[in-house]
Amino acid sequence: MTCAIIDDEPLAAELLASYAQKTAFLNLIGTYNSAIEAMREIRNNPVDLIFLDIQMPELSGLEFATILSPKTMIVFTTAFDRYAVDSYKVNTIDYLLKPISYEAFLHAANKAQKAYETANATQMAQATQDRFIYVKSEYKLVRVFLDDILYIEGLKDYVKIHVCTPQKKVLCLMNMKTLEDYLPQPEFLRVHRSFIVHMPKADIIDRLRIVFGDNYIPISDSYKDTVQQYISEHTLG
């Protein structure tokens, strides 16, 4: 899971960051000392989980939580227990009182991971069943059939969905991880930081490249083992 830490106390933020960095299933995207500082980046690049202080200047953690995506899970971190009831009015996974031990942090992170896995399993089952998704493209919702997708290309804050219909490409404001989490796996595999491939559509795999006509999709070292496992499971002889 991707996560971020927001706390106006630098020492508290550093401690939580050290906890996140030694937790294998967490990918720390950023550490911020105010909700204002975090707002733009997290809005453009949503994370799965935020460890969020409540008492902060300008914009409190409770106020910030109300403008986040409903899919963003929150673990509140605070020195005060009086906010506990209010915290559960938003998408709260846990409520940690400072000073926070690694044991308490890990317990909250594990709860978030279970919720994350359950939500993803539900999304993937729905996508697999319906075989289409809607994406925002040029201020419209465009339906894309999963069976038409060849591969998906990441372009900073946008993704380009390459399809095998006359429409050819669909450009939408979204990050790669959102699509990766939603699409059924291993049918759709991340093969590179910038590419997700619809593996049943991959006619030719040439060493560390997947070939679609004149286009060559690189397979990076980070994803090589996952791709090789998929290939091995579908190879005869």
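## What a pocket is

A pocket is an open set of grid points with protein on both sides within 12 Å along at least five of seven lines, and its lining residues have an atom within 4 Å of a point. With that in mind, we can look into this predicted model.

## The second largest pocket

Which residues lie nearest the centre of the second largest pocket? They are Asn175, Met176, Lys177, Arg190 and Arg193, and they belong to a lining of 20 residues. The space in the second largest pocket comes to about 600 Å³. The largest share comes from α6, with 3 residues.

What kinds of residues make up this lining? It holds 9 nonpolar, 6 polar and 5 charged residues.

## Salt bridges between parts of the chain

Now let's turn to charge. Side chains of opposite charge can pair when their charged atoms come close. This structure holds 10 salt bridges, and three of them are worth a visit here.

Start with Lys98 and Glu9, whose side chains meet in a salt bridge at 3.6 Å, N to O. Lys98 sits in the loop between β5 (92-97) and α5 (102-130), while Glu9 sits in the loop between β1 (2-6) and α1 (10-21), so this pair ties together parts that are 89 residues apart in sequence. Is Glu9 buried or partly exposed? Its relative accessibility is 40%, so Glu9 counts as partly exposed.

Next come Lys111 and Asp94, which also form a salt bridge, at 3.6 Å from N to O. Here the link runs between distant parts of the chain: Lys111 belongs to helix α5 and Asp94 to strand β5, 17 residues apart. The two partners have their own surroundings. Lys111 counts as partly exposed because its relative accessibility is 33%. Asp94 has a relative accessibility of 10%, and buried means under 20%, so Asp94 counts as buried.

## One more pair, and a network

The side chains of Arg209 and Asp206 meet in a salt bridge too, at 2.8 Å from N to O. Arg209 has a relative accessible area of 35%, so this residue is partly exposed. Asp206 is at 29% relative accessibility and therefore counts as partly exposed.

Salt bridges can also share partners. Which residues are joined into one network in this way? They are Asp7, Glu9, Asp53 and Lys98.

Definitions and conventions: Residues are numbered from 1 along each chain as its sequence is written. This is a predicted model: local features need pLDDT of at least 70, side-chain atom pairs count only at pLDDT 80 or more; totals for chains, interfaces and linings use all residues. Side-chain values use heavy atoms; hydrogens and water are left out. On a 1 Å grid over the protein atoms alone, a cavity is a set of points where a 1.4 Å probe fits but cannot get out, and a pocket is an open set with protein on both sides within 12 Å along at least five of seven lines; lining residues have an atom within 4 Å of a point. Grid points are joined across faces, edges and corners, and a volume is the space filled by probe spheres set on the points. Helices (H or I, at least four residues) and strands (E, at least two) are DSSP runs, numbered from the N terminus. Ala, Val, Leu, Ile, Met, Phe, Trp, Tyr, Cys and Pro count as nonpolar, Asp, Glu, Lys and Arg as charged, and the others, Gly among them, as polar. A salt bridge is a side-chain nitrogen of Lys or Arg within 4 Å of a carboxyl oxygen of Asp or Glu. Buried means under 20% relative accessible area, exposed over 50%, partly exposed in between (1.4 Å probe, protein chains only).
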